[in-house]
Amino acid sequence: MNKTKKIALITGATSGIGESASFELANQFSLILCGRNSDKLKELEDSLSSKTRVKTLQFDVRNKDDVYEKITSLSDDWKSIDVLINNAGNAHGLDFIYEGKVDDWDMMIDTNVKGLLYVSKPILDIMIKENKGHIINIGSIAGKEIYPKGNIYCASKFAVDAISQGMQVDLNKFNIKVSQINPGLVETNFSMVRFKNDEKKSKSVYSGVNPLIGDDIAKVISYVINCPENVNISDITVLAKSQASSTVVNRV
Ligand code: NDP
Ligand code: 8X3
């Protein structure tokens, strides 16, 4: 196994887009796979370690101290992270703002915004010191357009959009690329989380859509990473063919 492979760290590797990205990138990178679910992390390690070096880090991105401790404690052969994929996140609830639950709002802001920052901070320190790196933030079409009842989820992804732009301007002088990938409807566990395991509601989101799947976004991630050194895809929105905007979807 090639120990000189570049290193990619993926958050939210235990499901959906992050899991697909883990498989997609296994041929090219040594992988640091992050998630909360330790059984699933072990399963991923078992599946992928015949292809590449795998290190798993178990943390909740909302836990600032734990995130910092786990990343800064990486051994020297894992520390030199080349690519950070900030993917962990979810929507919680789909309610008019006057009916929204404060706990859902906390979860989205704490995970999608603050969690992304907590993970990025120690890795920025490493990348700046090494004068190299590529950060890929998974935004959303919800970070580009507001849709009814999207309110706080949209706000969290608009924040990711602003953070991505902020990273790009501030990190430019350190030879660090920053890219944001904004998917539309991707059939993952996303809607099950949003609708608190209501399978019927969750399925209805994708009915008649022929939606994107995690592997589609994983291929885009790989494309963005593998552009020539002089090229940066700074912001890309990826939709299913049947989706024209957050609210315009051709269901058949
Ligand atoms: P999934 O629910 O399938 O995966 C989400 C991943 O994020 C899981 O691994 C989950 O871990 C992890 N995660 C969630 N909360 C935390 C937390 N507090 N700490 C650590 N890990 C956490 O959904 P997707 O794959 O679809 O979502 C991935 C990203 O893509 C998210 O940022 C989402 O907002 C974004 N996105 C999704 C779209 C879609 O339509 N599916 C469209 C646009 C963007 P666990 O299993 O432990 O919860
Ligand atoms: C997920 C896409 O449209 O369900 O970010 O908000 S959407």
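Biologist: Where is Ile97 found?

Modeller: This is a predicted model, in which local features need pLDDT of at least 70 and side-chain atom pairs count only at pLDDT 80 or more, while totals for chains, interfaces and linings use all residues. Residues are numbered from 1 along each chain as its sequence is written, and side-chain values use heavy atoms, with hydrogens and water left out. Helices (H or I, at least four residues) and strands (E, at least two) are DSSP runs, numbered from the N terminus. Ile97 is in the loop between strand S4 (83-86) and helix H5 (102-130).

Biologist: Which residues form a nonpolar patch on the surface?

Modeller: A patch is made of residues with over 30% relative accessible area and no salt bridge; nonpolar side chains (Val, Leu, Ile, Met, Phe, Trp, Tyr) are joined within 5 Å, like charges within 9 Å. Accessible areas come from the Shrake-Rupley method with a 1.4 Å probe, and for residues only the protein chains shown count as cover. Here Phe96, Ile97 and Tyr98 form such a patch, with about 340 Å² of accessible area together.

Biologist: Is Asp161 buried or exposed?

Modeller: Buried means under 20% relative accessible area, exposed over 50%, and partly exposed in between (1.4 Å probe, protein chains only). Asp161, at 10%, counts as buried.

Biologist: With which residue does Asp161 form a salt bridge?

Modeller: A salt bridge is a side-chain nitrogen of Lys or Arg within 4 Å of a carboxyl oxygen of Asp or Glu. Asp161 pairs in this way with Lys144, the closest N and O atoms being 3.2 Å apart. Asp161 lies in helix H6 and Lys144 in the loop between S5 and H6, so the pair ties together parts that are 17 residues apart in sequence. Lys144 is partly exposed, at 32%.

Biologist: How many salt bridges does the structure hold?

Modeller: The structure holds 15. One of them joins Asp46 and Lys42 (2.8 Å, N to O), which both lie in helix H2, 4 residues apart, about one turn of the helix.

Biologist: Which residues touch the most other members of the largest nonpolar core?

Modeller: A nonpolar core is a set of buried Ala, Val, Leu, Ile, Met, Phe, Trp, Tyr and Cys residues joined through side-chain atoms within 4.5 Å. In the largest core, of 31 residues, these are Leu31, Leu33, Ile85, Ile136, Ile181 and Ile221. Helix H9 (214-225) is among the elements that give two or more residues to this core, and H9 supplies the largest share, 6 residues.

Definitions and conventions: Chains are lettered from A and ligands numbered from 1 in the order in which they are written.
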